[in-house]
Amino acid sequence: MDILPILIDGVDSATRRQAASDLAAALGRTVLLGASGYPGTDNRWVAALDDAPSSRAPRQTVLAAPMDEMLAAVHRTELVEVGDVRSYPVIVGPGSRRRLAEVLPTKTQRVAVVTQAGVGIDVSDVLTGFDVRVFTIEDGERAKRFEVAADLASQFAQWGMTRNDVVVAIGGGVVTDLGGFVASVYHRGIPVVHVATTLLGQIDAAIGGKCGVNLPEGKNLMGSFWQPSAVLCDTDALQTLPEREYRSGLGELAKYHFLGGGELDAMPLVDRVAACVRIKADVVAADEREGGRRAILNYGHTLAHALESAGTYEIRHGEAVATGLVYAAEVAHRLGRIDSTEVAEHRRVVEHYGQSTTLPAGIDNDQILELFSRDKKALDGITFVLDGPRGVETVRIDDRKLLTDALKAMRT
Ligand SMILES: NC(=O)c1ccc[n+]([C@@H]2O[C@H](COP(=O)([O-])OP(=O)(O)OC[C@H]3O[C@@H](n4cnc5c(N)ncnc54)[C@H](O)[C@@H]3O)[C@@H](O)[C@H]2O)c1
Ligand SMILES: [Zn+2]
């Protein structure tokens, strides 16, 4: 369990004690109070969230202050700007799901919670005063179907949902993609709030407004751009995430190192997620509809999509992206865009997140090349997203030998 030790500082012990208990209620966590156990914290009360005090030094000091100031110290709020007038908050941190009522549009009466059984997050206690219904969809990519979206819309209509009501999607990318899509078309669009509960969802899927469903003919073939009213990235949710899903998120996270993330690996989790949100938000602000710059978010994805669509073995999206980053570096190096130190840095980062830097066995180079040209980004030749002197950008390549040589470099 990830413990978030917090130092509550303030004028007197009664105030500190009260502040710690208020914060505990707001975050939905147990707070233990104690004045000892942390070196250098004499005369201060330590509020160690969760059920065991941590031996680690507190990462944050919170002044006993009004609740919004205390929450602002524990949570990071990033703003996503879209167009000239709209912007919405992404609140990252432990217990941020408890701020749901705060971010609902003011006229909200009915709240349609769309979620999956495995997510296991109940928000009924923070939505008192609203008419709440929970719609549980099936698990996995199969749930992202038009039929499931249409069925949800029917249930919303039978319930009498109007444009004043809101969809709250609680889950990973499957739930937020589907929930966002239904919200975007029901009554020609009603508000949606995402509560992202997977690492991949928090740093990617829930941010930026792309949503949709799969068709039998392919993934994400039907969808829309529909920006949420707010996104809550509750880092507590990650504690129940299956190990494989967390790893997949880490693979996607590795990508942000090369999109301006800097020392992401040295940051505490909350700062790390917030930094990725910031990068994605900035890219989306510059290019909401994927005319150009948004394509850099596909760094590592050309190979990733090929590996995923090969379908001969199971690979999670983020794992494929991580391997794809190394491949993009090998290709960029062969084009003289980056030097070998930078290739080594790609390998280091990918390994740091426990991901594979070699191609999986069972798929040969010719198969991969064939799959590249089927990638939906292949508008005209094979488009790669590559690092270079001007940073990460799209590059068209039709040199099969170069692409094959770079694949060979990943077979060792
Ligand atoms: N819209 C975008 O910009 C965008 C970007 C990237 C990916 N996506 C989409 O996201 C989807 C993948 O999302 P994902 O990786 O989050 O997978 P997912 O949504 O399938 O979630 C993975 C699994 O974890 C479970 N789960 C979720 N939260 C949990 C929690 N807190 N505790 C325990 N279990 C939990 C889910 O029920 C599911 O079984 C794909 O459909 C992809 O197309 C969309
Ligand atoms: Zn991705």
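## Thr115 in strand β7

Thr115 lies in strand β7, which covers residues 110-116. This is a predicted model. Is Thr115 buried or exposed? Thr115 counts as buried because 22 C-beta neighbours lie inside 10 Å, and the cut-off for a buried residue is 20 or more.

Leaving out residues up to four places away in sequence, Thr115 touches Ile121, Val134, Thr136, Ile170, Gly171 and Val175. Ile137 is 22 residues from Thr115 along the chain, and the two C-alpha atoms are separated by 6.2 Å.

## The chain as a whole

The chain contains 13 helices and 15 strands. Of its 412 residues, 45% are buried. Among contacts with a separation of 6 or more, 68% join residues 24 or more positions apart.

The mean pLDDT of the chain is 88, and 88% of the residues reach 70 or more. Over residues 35-45 the pLDDT is below 50, and this stretch has 18 contacts in the model beyond near neighbours in sequence. The pLDDT is also below 50 over residues 50-57, where the model has 15 contacts beyond near neighbours in sequence.

## The nonpolar cores

In general, nonpolar side chains tend to be buried together in soluble globular proteins. Here the largest nonpolar core has 99 residues. Which of these residues touch the most other members? They are Val167, Val168, Leu178, Val277, Leu325 and Ala328. Domain 2 (75-241) and domain 3 (293-408) each give at least three residues to this core.

A second, separate core has 12 residues, including Leu23, Ala64, Met70 and Leu71. Returning to the largest core, Leu178 is one of the residues that touch the most other members. Apart from neighbours within four places in sequence, Leu178 is in contact with Val114, Ile137, Ala143, Lys144, Val148, Ala149 and Val213.

## The surroundings of ligand 1

How many residues surround ligand 1? There are 29, and the closest are Gly172, Gly173, Val174, Thr198 and Ala205. The elements that give two or more residues to this shell are the helices α5 (173-185), α6 (199-205) and α7 (243-256), together with strand β11 (210-215). Sorted by class, the shell has 14 polar, 8 nonpolar and 7 charged residues.

Arg142 is in the loop between β8 (131-137) and α4 (146-159). Arg142 counts as exposed because it has 11 C-beta neighbours inside 10 Å, and the cut-off for an exposed residue is 12 or fewer.

The buried residues are His301, Thr302, Leu303, Ala304, His305, Ala306 and Leu307. What do they pack against? Their partners are α10 (317-334), α12 (365-372) and β14 (382-386).

Just after α9, Gly311 takes a positive phi of about 65°. Arg316 is found in the loop between α9 and α10. With 17 other C-beta atoms within 10 Å, Arg316 is partly exposed. Not counting residues up to four places away in sequence, Arg316 touches Arg244 and Ser248. Arg316 and Arg244 are 72 residues apart in sequence, and 8.1 Å apart in space from C-alpha to C-alpha.

Most residues other than glycine have a negative phi. His187 has a positive value, near 55°, and Arg188 has a positive value near 60°. Where is His187 placed? His187 is in the loop between α5 and β10 (192-196), and Arg188 is in the loop between α5 and β10 as well.

His187 counts as partly exposed because it has 14 C-beta neighbours inside 10 Å. Arg188 has 7 other C-beta atoms within 10 Å, so Arg188 is exposed.

Methods. Residues numbered from 1 in each chain as written. Chains lettered and ligands numbered in written order. Predicted model: local features only at pLDDT ≥ 70, side-chain atom pairs only at ≥ 80, totals over all residues. Helix = DSSP H or I, 4+ residues; strand = E, 2+ residues; numbered from the N terminus. Contact = placed C-beta atoms within 7 Å. Near = placed C-beta within 6 Å. Nonpolar A, V, L, I, M, F, W, Y, C, P; charged D, E, K, R; others polar. pLDDT = per-residue confidence, 0-100. Core = buried A, V, L, I, M, F, W, Y, C linked by C-beta atoms within 7 Å. Domains from an automatic or database assignment.
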